[in-house]
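Q: Can we go through this structure together? I'd like to start with the ligand.

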Amino acid sequence: MHVLVLGAGITGVTTAWYLRRAGFDVSVVDRQPEAGLETSYANGGQISVSHPEPWANPAAPFIALRWLGRSDGPLLFRPRRELAQWRWALAFLRECLPARSRRNTEAIANLAVYSAAQLRSLREELGLGYEFLGHGILHLFFSEREFGKAAERVALLARHGIRARLCSRAEMLALEPALAAMAPGLAGGIHAPDDESGDAFRFTQALAQKCQEAGVRFYYGTRIDRLAHTGGLIDGIEVRDSAGRSGLLSAGAYVVCLGSYSARLVAPLGERLPIYPVKGYSITVPVADPAHAPSVSLTDESARIVCSRLGNRLRIAGTAELAGFDTSVDAQRGQNILRWLDQRLPGAAHAERAVLWAGLRPATPGNVPIIGKSECVNLWYNTGHGTLGWTLACGSAAALAGLMSGAPPPVRFPFRRPRR
Ligand SMILES: Cc1cc2nc3c(=O)[nH]c(=O)nc-3n(C[C@H](O)[C@H](O)[C@H](O)COP(=O)(O)OP(=O)(O)OC[C@H]3O[C@@H](n4cnc5c(N)ncnc54)[C@H](O)[C@@H]3O)c2cc1C
């Protein structure tokens, strides 16, 4: 069967790969001239299995209130006269209830463990080059109060089979000597040795190349305007190329991997996907002094900032802004990340050569992606991966390809099924 994958971000490209391997004839459509040029372009680089807890947790409303209205805060809500934004914000609050948060954590943890294993075998099989590092992730706590809850987190991870251990300041320094400048302020940390880091964009591009070699067709520079349908059957996608020529592309089945834009495309079918963009920023800086630039990936739990070594560059990312589909880069938000670099890793990188970037996380209120079948007989979803699209990409795609082939779900996860 011929399958059209809509979107060539990391989710679309991994979907294309696993579908092709399962024997489908696959084409991919994207408005950009290459793969991975939107949200998958410059993310934090972490394969963070050790962070399955969604932002929507019982403490989140209080944290959000603390940062409300502060333009330098890691969380920013820019209210708009837009029903989708308010609906999403209310649904987010609902997902903060303890039982829902626990259920979401469990679903994400199951998928993340499976996904990391899929990524490992894909890397070994294809030898993809993407600045991979396997030194784990070190979660940093700068307050005794936050570190006080770290043992509970390690226990939760252990229940999901995720290895992690508490570290004293000395143990953290032994693991990553580049923490020396920030060490006096550290209360402690958690080290998750099986976590990884790498450049999601390079991975996406390298895998797109492998897809092409395996016979997958890519229609780049092709905007999808509408899904043409008759009742519950998709007849094709109405597209427009960069020269303005329109046409209809048809296949036996369609998979929506359009990131933050997924909900808009399927809304006319009466399908409501709870996906809203949550904007984030990153800076990419050339390493100045390798001894001061960490190679263990870092998560600053207080500032909500992550840092990954990508070859001779550092990628530092963070902040969450509920501000619609605006992808403009606000220099002030970038300054917050640059200040973090200056304070925490002085001398490590050439801050004056930092490249600032902003992207839209395709977020569901509980951070659980939407994977599975829609109400239409030949329409499938693999979208809404929020803060963890790189971590969950291979597992989500492998699982979807299995479901489309009629295999049972590979992990306990709320895969989407039609209601009727
Ligand atoms: C600052 C930041 C830091 C992050 N850090 C991490 C991290 O460390 N680890 C992690 O796991 N995740 C991280 N993420 C999340 C991760 O980057 C995303 O979840 C992931 O990139 C989403 O991939 P996607 O393929 O679903 O979306 P995208 O990469 O946005 O791909 C969607 C594609 O659809 C195409 N498209 C959309 N609309 C149309 C249309 N109408 N017609 C044709 N094409 C269309 C776009 O061109 C795009 O290529 C981070 C995100 C941000 C913003």
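Q: How far is an oxygen atom of the ligand from a polar backbone atom of W390?
A: The distance is 3.0 Å. A polar contact here is a pair of N or O atoms within 3.5 Å; within protein, one must be able to donate a hydrogen and the other to accept it, and residues adjacent in sequence count only if both atoms are side-chain atoms. This is a predicted model: local features need pLDDT of at least 70, side-chain atom pairs count only at pLDDT 80 or more, and totals for chains, interfaces and linings use all residues. Residues are numbered from 1 along each chain as its sequence is written, and side-chain values use heavy atoms, with hydrogens and water left out.

Q: What about a nitrogen atom of the ligand and G44?
A: A polar backbone atom of G44 is 2.8 Å from a ligand nitrogen. For I224, a backbone N or O atom lies 2.9 Å from a nitrogen atom of the ligand.

Q: How much of the ligand's accessible area does the protein cover?
A: It covers 96% of the 1,000 Å² that the ligand has on its own. Areas come from the Shrake-Rupley method with a 1.4 Å probe; for residues, only the protein chains shown count as cover.

Q: How many residues surround the ligand?
A: There are 35, and the closest are D30, S40, G44, Q46 and T391.

Q: Switching to packing. Which residues have the most contacts inside the largest nonpolar core?
A: L19, F203 and M404, in a core of 65 residues. Such a core is a set of buried Ala, Val, Leu, Ile, Met, Phe, Trp, Tyr and Cys residues joined through side-chain atoms within 4.5 Å. Buried means under 20% relative accessible area, exposed over 50%, partly exposed in between (1.4 Å probe, protein chains only).

Q: Which helix gives the most to this core?
A: Helix α11, residues 389-404, with 11 residues. Helices (H or I, at least four residues) are DSSP runs, numbered from the N terminus.

Q: Why does the core lie between domain 1 and domain 2?
A: Because both domains give residues to this core. The bounds come from an automatic or database domain assignment.

Q: And E375, buried or exposed?
A: Buried, with a relative accessible area of 13%. Its side chain reaches the backbone nitrogen of R419 at 3.0 Å.

Q: Last one. What does L403 touch?
A: G372, W380, P409 and F415, not counting residues up to four places away in sequence. Contact means heavy atoms within 4.5 Å. L403 is in helix α11 and counts as buried, at 18% relative accessibility.

Note on methods. Helix = DSSP H or I, 4+ residues; strand = E, 2+ residues; numbered from the N terminus. Near = heavy atom within 4 Å.
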